[in-house]
Amino acid sequence: MDIADYYRQLGLRLGASLSQVKSSYRRLAREYHPDVNPGDEAAKNKFIALTEAYKFLLDVAPPDVQEGKQPVSTSASAAVRAQPQAVKVTRKERPIEYNGALSEADQKLKRDSYLQLQQLLKYQRFPRAIALVEGLAQRIPDDMEVRQWQAIAYQRWGRHLIGEHQVDKARSYLKKALRTDPHNRALWAEVERDFRRLERIY
């Protein structure tokens, strides 16, 4: 299932906030809980699906937007700039690129995956972010924007690993970032900074 399917399981629209996810899950879990529906296999399966969706969305649902604050931007560069010490994907703000070579289903998959990736990076769920973007790159191998996101996920994970003192693994992911998007000058600058940090610390 993609992120939109998990939201639908809880009866919510894509991008619903964390508090809405929690509220909807509590309501539906009470309705479909096996203790309330003894011997009802359909209710049991529904409860399992609800719990899976809830656990997944806990990691990616956006926090509630406070009054007077702007919602999360849907531009690629703004999303990456919002991350601490992040790599800029593009030189100027723009929405996610429309790739005319993609089917409508793949366009939707790309949009949904971008929103999910944005949240995973924000909350430092790096292994899950990498798994998501690698799967997307396999599905849409010729989309340069997806390759940029993949490189960013590798670089962010590598930077995090430096702080965790996992030197060899950090080097490996920083190199993967450069191999994935070798013509991104901003990425090169960030990775060089990370390697200098590695040299100073170790």
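This is a predicted model: local features need pLDDT of at least 70, side-chain atom pairs count only at pLDDT 80 or more; totals for chains, interfaces and linings use all residues.
Helix H2 spans residues 18-32 and holds 15 residues. The distance from its first C-alpha to its last is 21 Å, close to the 21 Å expected at 1.5 Å a residue. Five positions of H2 are named as buried: Val 21, Ser 24, Tyr 25, Leu 28 and Ala 29. These residues cover an arc of only 130 degrees around the axis, so they lie on the same side of H2.

Helix H7 (residues 144-163) packs with helix H8 (residues 167-180). Their axes come within 8 Å and cross at roughly 160 degrees. Angles over 145 degrees count as roughly antiparallel, and H7 and H8 are therefore roughly antiparallel to each other. The crossing is left-handed. On the H7 side, the contact residues are Arg 147, Gln 150, Ala 151, Tyr 154, Gln 155, Trp 157, Gly 158, Arg 159, Leu 161 and Ile 162. They meet Lys 169, Ala 170, Tyr 173, Leu 174, Lys 176, Ala 177 and Thr 180 in H8.

H7 also packs with helix H9 (residues 185-201). Here the angle is about 15 degrees, and the axes are 11 Å apart. H7 and H9 are therefore roughly parallel to each other. This crossing, too, is left-handed. H7 contributes Ala 151, Gln 155, Arg 159, Ile 162 and Gly 163 to the contact. H9 contributes Leu 187, Glu 190, Val 191, Asp 194, Arg 197, Leu 198 and Ile 201. Ala 151, Gln 155, Arg 159 and Ile 162 of H7 take part in the contacts with both H8 and H9.

Conventions. Residues are numbered from 1 along each chain as its sequence is written. Side-chain values use heavy atoms; hydrogens and water are left out. Helices (H or I, at least four residues) and strands (E, at least two) are DSSP runs, numbered from the N terminus. The expected span of a helix is 1.5 Å times one less than its number of residues. Buried means under 20% relative accessible area, exposed over 50%, partly exposed in between (1.4 Å probe, protein chains only). The arc is that of the directions from the helix axis to the C-beta atoms. Axes are lines fitted to C-alpha atoms, for helices over the stretch in contact, and angles run from 0 to 180 degrees between N-to-C directions. Angles under 35 degrees count as roughly parallel, over 145 as roughly antiparallel, 65 to 115 as roughly perpendicular and the rest as oblique. A crossing is left-handed if the near helix is turned anticlockwise from the far one by less than a right angle, and right-handed if clockwise. Contact means heavy atoms within 4.5 Å.
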